Amino acid sequence: YVVKCDLSVEALPFEDASVDYVFSEDLLEHLPPDRRVAVMNEIHRVLVPGGVMEHYVPNAGSRNDYGSPSHLSHWNLQTFEHFDVDSHRWAKDRGLEGIICGFRKVSADLLNWRVEDDGIKPAQSLRVRYRKDTC
């Protein structure tokens, strides 16, 4: 079944390792920057081993990202690498950043390509899927 909840709260209203799947669309960019790691740690806490999180988020730097004054934090594929156990960013920085455990990338896609006036072709959005890795 589907349960909607607010990811901006301190703790998600679920027991440890009790959720199979976490989905968000156009949500993470509305979190204050200092809440990003806490929210990802909380998602890890509630997911069952092997559970999946999937997020759709504006690509940092795109018009889709900076076009809204309510976008408080900015996400790109590199941001998600900090939570990816197969990334050197996770291995190097997780202790400094307060990342408790990690995820393993299932897929990460750049979506909604558009050619800007200057000929640059940036992605407007991201779709990432990660599986909870055991720690």
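Reading burial and aromatic pairs in a predicted model

Tutor: Asp133 is buried, because its relative accessible area is 16% and the limit for burial is under 20%. The model is a predicted one.

Student: Which residues is Asp133 in contact with, leaving aside its neighbours within four places in sequence?

Tutor: The contacts of Asp133 are His44, Val85, Gly102, Phe103 and Arg104.

Student: What describes a pair of aromatic rings?

Tutor: Such a pair is described by the distance of the centres and the angle of the planes. In this structure the count comes to 4 aromatic pairs. For Phe80 and Tyr130, the ring centres are 6.1 Å apart and the planes meet at 20°, so this pair is stacked; the cut-off for stacking is under 30 degrees.

Student: Which parts of the chain does the pair of Phe80 and Tyr130 link?

Tutor: The pair links distant parts of the chain, since Phe80 is in helix α3 (residues 77-81) and Tyr130 is in strand β4, 50 residues apart.

Student: Are Phe80 and Tyr130 buried or exposed?

Tutor: Phe80 counts as buried because its relative accessibility is 1%. Tyr130, at 2% relative accessibility, likewise counts as buried.

Student: Which residues form an aromatic cluster?

Tutor: One aromatic cluster is formed by Tyr21, Phe23 and Tyr56.

Student: Which residue lies over the face of Trp75?

Tutor: Arg36 lies over that face of Trp75, 5.3 Å from the ring centre.

Methods. Residues numbered from 1 in each chain as written. Predicted model: local features only at pLDDT ≥ 70, side-chain atom pairs only at ≥ 80, totals over all residues. Heavy atoms only, no water. Buried < 20%, exposed > 50% of the residue type's maximum accessible area, 1.4 Å probe, protein only. Contact = heavy atoms within 4.5 Å. Phe/Tyr/Trp six-rings, centres within 6.5 Å; stacked < 30°, edge-to-face > 60°. Helix = DSSP H or I, 4+ residues; strand = E, 2+ residues; numbered from the N terminus. Lys NZ or Arg CZ within 6 Å of the ring centre and 35° of its normal.
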